[in-house]
Amino acid sequence: MVTKEVLVGCASGLHNKQATYFVQKANEFESSIWLESDNRKMNAKSLLGIMSLGISNGAKVTLIASGSDAEAAVAALEQLLQRDVF
């Protein structure tokens with residue numbers, strides 16, 4: 001299992017387009033991936049779950065992944081959380 005705390009740097013937080021890109025990227029990996037914020041943990045492959053977390057710019061979140069490509073998944077999603085995708 002790979003765990004990494006990340007400071008969200010994208011201006012819009014994890015809403016709308018940013019959340020969609022995040023979930024699409026998470027679905028590229030075989031590993032089970034979770035995103036935790038304020039003691040709430042959601043499946044990173046679920047758009048509704050991610051949007052329900054209400055993650056804004058500057059929030060501290062934890063990425064958790066387990067599986068064969070867990071390290072690559074966490075690294076890719078960390079990069080996505082730190083920048084705007086549009």
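This is a predicted model: local features need pLDDT of at least 70, side-chain atom pairs count only at pLDDT 80 or more; totals for chains, interfaces and linings use all residues.
The chain contains three helices and four strands. Read from the N terminus, these elements follow one another in the order β-α-β-β-α-β-α. Strand 1 covers residues 2-7 and helix 3 covers residues 70-81, while strand 4 spans residues 60-66. Helix 1 comprises residues 16-26.

The overall dimensions come next. Along the principal axes, the C-alpha atoms occupy a box of roughly 30 × 25 × 20 Å. The radius of gyration is 11 Å, and this agrees with a compact globule, because a globule of 86 residues would have a value near 12 Å. Of the 86 residues, 41% count as buried. Contacts across the sequence can also be described: among those between residues at least 6 apart, 70% join residues at least 24 apart.

The surface and the charges may be considered together. The accessible surface of the chain amounts to about 4700 Å², and carbon and sulfur atoms account for 47% of this area.

Side chains of opposite charge can pair when their charged atoms come close. How many salt bridges are found in the whole structure? The search finds three.

One of these salt bridges joins the side chains of K4 and E78, with a distance of 3.6 Å from N to O. This pair links distant parts of the chain, since K4 belongs to strand 1 and E78 to helix 3, 74 residues apart. K4 has a relative accessibility of 34% and therefore counts as partly exposed. Is E78 buried or exposed? With a relative accessible area of 18%, E78 is buried, because buried means under 20%.

Another salt bridge is formed by K60 and E5, whose closest N and O atoms are 3.8 Å apart. K60 lies in strand 4 and E5 in strand 1, so this pair ties together parts that are 55 residues apart in sequence. K60 is exposed, with a relative accessible area of 55%. E5, at 52% relative accessibility, also counts as exposed, because the limit for this class is over 50%. Strand 1 thus holds K4, which pairs with helix 3 through E78, and E5, which pairs with strand 4 through K60.

A further salt bridge brings together the side chains of E28 and K25, at 3.2 Å from N to O. E28 has 55% relative accessibility and counts as exposed, whereas K25 is partly exposed, with a relative accessible area of 29%.

Where does H15 lie? H15 is placed in the loop between strand 1 and helix 1. Its relative accessibility is 27%, so H15 counts as partly exposed. When residues up to four places away in sequence are set aside, H15 touches G54, I55 and S56. The C-alpha atom of H15 is separated by 8.4 Å from that of I50, although these residues are 35 residues apart along the chain.

Technical notes: Residues are numbered from 1 along each chain as its sequence is written. Side-chain values use heavy atoms; hydrogens and water are left out. Helices (H or I, at least four residues) and strands (E, at least two) are DSSP runs, numbered from the N terminus. The radius of gyration is taken over C-alpha atoms; the globule rule is 2.2 Å times the number of residues to the power 0.38. Buried means under 20% relative accessible area, exposed over 50%, partly exposed in between (1.4 Å probe, protein chains only). Contact means heavy atoms within 4.5 Å. Accessible areas come from the Shrake-Rupley method with a 1.4 Å probe; for residues, only the protein chains shown count as cover. A salt bridge is a side-chain nitrogen of Lys or Arg within 4 Å of a carboxyl oxygen of Asp or Glu.
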